[in-house]
Amino acid sequence: MDSTTKLAIGAIGIVFGDIGTSPLYAFRETFVGPNPLPIDYNHVLGVVSLIFWSMTLIVAIQYVSILMRADNKGQGGSLALVALISRSIGKTNYGWLVVLLGVFATSLFYGDSMITPAISVLSAVEGLTVVDHRLDPLVIPIALVLLIFLFILQKRGTAKVGALFAPVMIVYFTVIATLGIISIVQHPEILYALNPWYAVQFFINDGMLAFLALGSVVLAVTGSEALYSDMGHFGRGPMRLSWFGFVMPCLLLNYFGQGAMIVSLGAAEANEAIKAPFFLLAPEMLRLPLVILATFATFIASQAVISGAFSITHQAIQLGFVPRLSVTHTSDAHSGQIYIPIINWALMVAVIILVLTFQNSSNLASAYGIAVTGAVTIDTLLMAVLLVGVWKWKWYYAAPVVLLFLIIDGAYFAANLTKVPDGGWFPLVVGLIVFTLLTTWARGRKLMRDRMSEVALPIEIFAKSAHNSAVRVPGTAIFMASSTAGVPSALLHNIKHNKVLHERVIILTVEISDIPYVDPAKRCEYSQIGEGFYRAVLHYGFMEPTDVPEGLKAMEQCGGKFDMMQTSFFLSRQTLLPSDKPGMPIWREKIFAWMLRNAATAMDFFKLPTNRVVELGSQVRI
């Protein structure tokens, strides 16, 4: 088995869980959701045709075929796409708008990562009521136990359970495809839905009702943005192979199978069967095993979304949109496998509240979709900038492509806006809060750096004067600095209060690049200032852990090797003071100050030895 095939199999287990569990509720919700459709031959074919063409256009063409070509050194997702575009147009008048769009798409992802575990696990456990309706009171307790266990499991890392993911998901996809085929063979007339005319006819005959149905049909393509975000784990080729060669056919066979079963029933039977068409595809004796298999699949799908939230947060930290947080790497072999405690527990609390508030998957479906369609629409706008600004397409080639996807994605987003009063407000509120936090931190951090650079002394002048006015002591002192210019405040305070200098003084800046990984050969940059002073820079990609002691091993040019027992790290900790002319509204300054106080220490973030760190405070007005 070649490496591409192995990666493609791995992707089935990790990446496709979210979109793979959509058949549990997507088809059902178009007929029993907030805007129920009549259950008859034309409406069933219209919905199945819409699902087929939505999956083809949005997932297969827009994401898998086009956007997966837009990788930032192999990484995908909204932030990676923004970083890619910014390198080409970052200095233009509308570069800031591209960044804001990417940040808002990222913010919406957090709302999605809260709803996905809740609706997926709930919809699977609800299958128990198909087996025996008396089990209904146990659905919420069982779902909550599974979800809490899922979040507790996160700190152990996905590496320990990842080996089980691919086999389980392959069995799951194979089973749902087989059930679909059996149903299609019995009622092959459902294959007429491959003709887009049935989708068009649906809109001609039903108008507004068909438009509102898009709010439920879109549930079939939730997870499409996640496919793009996870591209870096497996690569473009293997993910395309697993999508076109296995996942997409299995999903479509199941959707067509559900439609075939419903059109074969009488009116009374169809009205009852539409409440759980996914589970009723199976013979009665196999429904309980199908419930168990579906529960495993939703567990894996939720795991993938939570891991995605960790990855997105880590990228946002490295790119300067989120304060430093405690990040644990759960695998020695894969740097992308990380665990962020505060994100994990915040998601768990949100998911529990969602389950207890909405009570069932149908109610949650009203909240689901708006975050996904919002992110997809933003990605389409970014794609327009990418085609013209980066790939240099002629506008008359790019315009029809972008217009097609804007019409499709915009229609889905507009249809989901009608669900705002019924729960769609939740991901929008979450997205707005996260967007405010991300932009406040980025703005406050820039203001703070600007204020500190205004009063910074040139290092060359400082080195000469300090050499003559301070006692030199053995050892190495490393002063962490956020800027590559000027003297860090910790060094100034050390001279002022302690009046000593180490034999070797290194002013070290850690810079995060807008690429995922930096070539180890280009990790270090240094210059000798004189009088035992050096300025050094360590470069890291936004997907890499910032391990400073490890990075220093490659920097012997700064006066020799680094002995950690003879090296002291000096850190600055800033305290914000009110300013006469604040750079931000007062409420945002208070949010920024709160985020600054609660950020993880630089000692943890840079993996510094705890017994070799000295922290000196300073005050800043922004």
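This is a predicted model: local features need pLDDT of at least 70, side-chain atom pairs count only at pLDDT 80 or more; totals for chains, interfaces and linings use all residues.
**Strand 3 and its partners**

Let's start with the sheet pairing around strand 3, which covers residues 471-480. On one side of the bookkeeping there is strand 4 (residues 500-512), paired with strand 3 in the parallel sense over eight bridges. Strand 7 (residues 567-577) also runs parallel to strand 3, and four bridges join the two.

**Aromatic rings**

Now for the rings. The count comes to 19 aromatic pairs. One of them is Phe202 with Phe203, a tilted pair at 6.0 Å centre to centre with 55° between the planes. How covered are these two residues? Phe202 is buried, at a relative accessible area of 3%, while Phe203 counts as partly exposed at 31%.

Another pair is Phe310 with Tyr339, which is edge-to-face: the centres are 5.8 Å apart and the planes make an angle of 90°. Phe310 belongs to helix 17 (residues 287-318) and Tyr339 to strand 2 (residues 338-339), so this pair ties together parts that are 29 residues apart in sequence. Both Phe310 and Tyr339 are buried.

There's also an aromatic cluster, made up of Phe52, Trp53 and Phe256.

| Arginine | Ring | Distance from the ring centre |
|---|---|---|
| Arg69 | Trp391 | 4.5 Å |
| Arg504 | Phe562 | 4.2 Å |

Next, some covered parts of the model. Gln62 lies in helix 4 (residues 41-66). Is Gln62 buried or exposed? With a relative accessible area of 0%, Gln62 counts as buried, because the cut-off for that is under 20%. What does Gln62 touch, leaving aside its neighbours within four places in sequence? Its contacts are Leu57, Leu67, Val376, Thr380, Met383, Phe405 and Asp409.

Helix 11 (residues 208-217) is mostly covered too, with seven of its 10 residues buried. Those buried residues are Ala210, Leu212, Ala213, Leu214, Gly215, Ser216 and Val217. What covers them? Helix 3 (26-32), helix 4, helix 10 (197-206) and helix 21 (395-417) are among the covering parts. Helix 4 is also where Gln62 is placed.

**Two lysines with positive phi**

Finally, a look at the backbone. Most residues other than glycine have a negative phi. Lys392, though, has a phi near 60°, a positive value. You'll find Lys392 in the loop between helix 20 (370-390) and helix 21. Lys392 counts as exposed, with 61% relative accessibility.

Lys607 also has a positive phi, near 60°. Where is Lys607 found? Look in the loop between helix 27 (602-605) and strand 8 (613-621). Lys607 is partly exposed, at a relative accessible area of 32%.

Technical notes:
Residues are numbered from 1 along each chain as its sequence is written. Side-chain values use heavy atoms; hydrogens and water are left out. Two strands pair if DSSP finds at least two bridges between them. Rings of Phe, Tyr and Trp (its six-membered ring) pair if their centres lie within 6.5 Å; planes under 30 degrees apart count as stacked, over 60 as edge-to-face and the rest as tilted. Buried means under 20% relative accessible area, exposed over 50%, partly exposed in between (1.4 Å probe, protein chains only). A charge sits over a ring if NZ of Lys or CZ of Arg is within 6 Å of the ring centre and within 35 degrees of the ring normal. Contact means heavy atoms within 4.5 Å.
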